[in-house]
Amino acid sequence: MLSKDLIIKATNALIENEIIILPTDTIYGLSAIWNFENEKRINGLKNANEEKPLIVLISNIEQLSILGIEENKFVDLLFNESITVIFKTKSSNKTIAVRLIIRNDIKEIIEKTGPIFSTSVNLHGEQPINEKGELINFDRSINVYFDKVITNNKPSKIYNSITNIWVR
C-alpha cells in the first residue's frame with residue numbers, strides 16, 4: 001500500500017494533469033486523468049497508435065455514469081478481481097474498457113480524481129515493467145509511486161460485453 005504522503009502526492013499530480021506511474025491490482029500502470037488528450041499522450045509514451053483505447057480504472061460503480069455507461073448485466077463482472085469489461089457508451093458507438101480497482105490506496109486516489117487511465121508500463125508490444133529501477137528509467141520525467149515489486153506480472157482478464165467474448 002502507498003503511504004498517505006504518496007497518496008496525496010499522486011492525487012495532486014493527477015489533478016495537475018500529469019502522467020504518473022501507479023501500482024494497480026495487477027501490474028504497474030501509466031496513469032492519468034481520463035480524457036482524450038491524456039490517452040494520446042500515454043500512447044505516445046508507449047510508441048503505440050495514439051487512437052489505441054486504454055483501460056480506465058474506477059473506484060466505484062457510480063463512476064460508470066461519468067464514462068457514459070449505463071449499468072447492465074455485465075457490471076457484476078467488475079466485482080471479480082482483475083477483470084476488465086468492455087462496455088458500449090450510451091452517447092456514441094464507442095466502447096470503453098473499465099476495471100473496478102480493489103486496492104484501497106488507489107481507490108482513495110480515484111475517489112478524489114475521478115476515473116483514470118491505466119496501461120502497462122512498457123513500449124507497445126514489450127513485457128510490462130514492474131521493477132523500481134526500470135520503472136524510473138522508463139521515462140525520467142514521470143513520477144513513480146512505488147510500493148513493492150509486483151510479482152504476478154499478469155495484466156487483467158478482459159471481457160467484451162458487446163460480443164460476449166473473452167478478449168484476454
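Mentor: With a term: two strands pair if DSSP finds at least two bridges between them. Strands (E, at least two residues) and helices (H or I, at least four) are DSSP runs, numbered from the N terminus. Strand β1 and strand β7 (residues 143-144) run parallel and are joined by two bridges.

Trainee: Before we go on, what kind of model is this?
Mentor: This is a predicted model, where local features need pLDDT of at least 70 and side-chain atom pairs count only at pLDDT 80 or more, while totals for chains, interfaces and linings use all residues. Residues are numbered from 1 along each chain as its sequence is written, and side-chain values use heavy atoms, with hydrogens and water left out.

Trainee: OK, back to β7. What's the bridge partner of isoleucine 21 there?
Mentor: Valine 144.

Trainee: And which way does β1 pair with strand β2?
Mentor: Antiparallel, over four bridges, with β2 covering residues 28-33. Proline 23 sits opposite tyrosine 28 of β2, and a hairpin of four residues links β1 to β2.

Trainee: New topic: where is asparagine 38?
Mentor: In helix α2, residues 36-45. Asparagine 38 counts as buried because its relative accessibility is 0%.

Trainee: What does the side chain of asparagine 38 make a polar contact with?
Mentor: The side chain of arginine 41, at 2.6 Å. A polar contact is a pair of N or O atoms within 3.5 Å; within protein, one must be able to donate a hydrogen and the other to accept it, and residues adjacent in sequence count only if both atoms are side-chain atoms. Setting aside neighbours within four places in sequence, asparagine 38 is in contact (heavy atoms within 4.5 Å) with Asn17, Ala32, Ile33 and Phe117.

Trainee: Where's asparagine 17, then?
Mentor: In the loop between α1 and β1. Asparagine 17 is partly exposed, because its relative accessible area is 26%. Its phi is near 70°, a positive value in a residue other than glycine.

Trainee: What about phi of asparagine 47?
Mentor: Asparagine 47 is not a glycine, yet has a positive phi of about 55°. Asparagine 47 lies in the loop between α2 and β3 (56-58) and is exposed, with a relative accessible area of 57%.

Definitions and conventions. Buried < 20%, exposed > 50% of the residue type's maximum accessible area, 1.4 Å probe, protein only.
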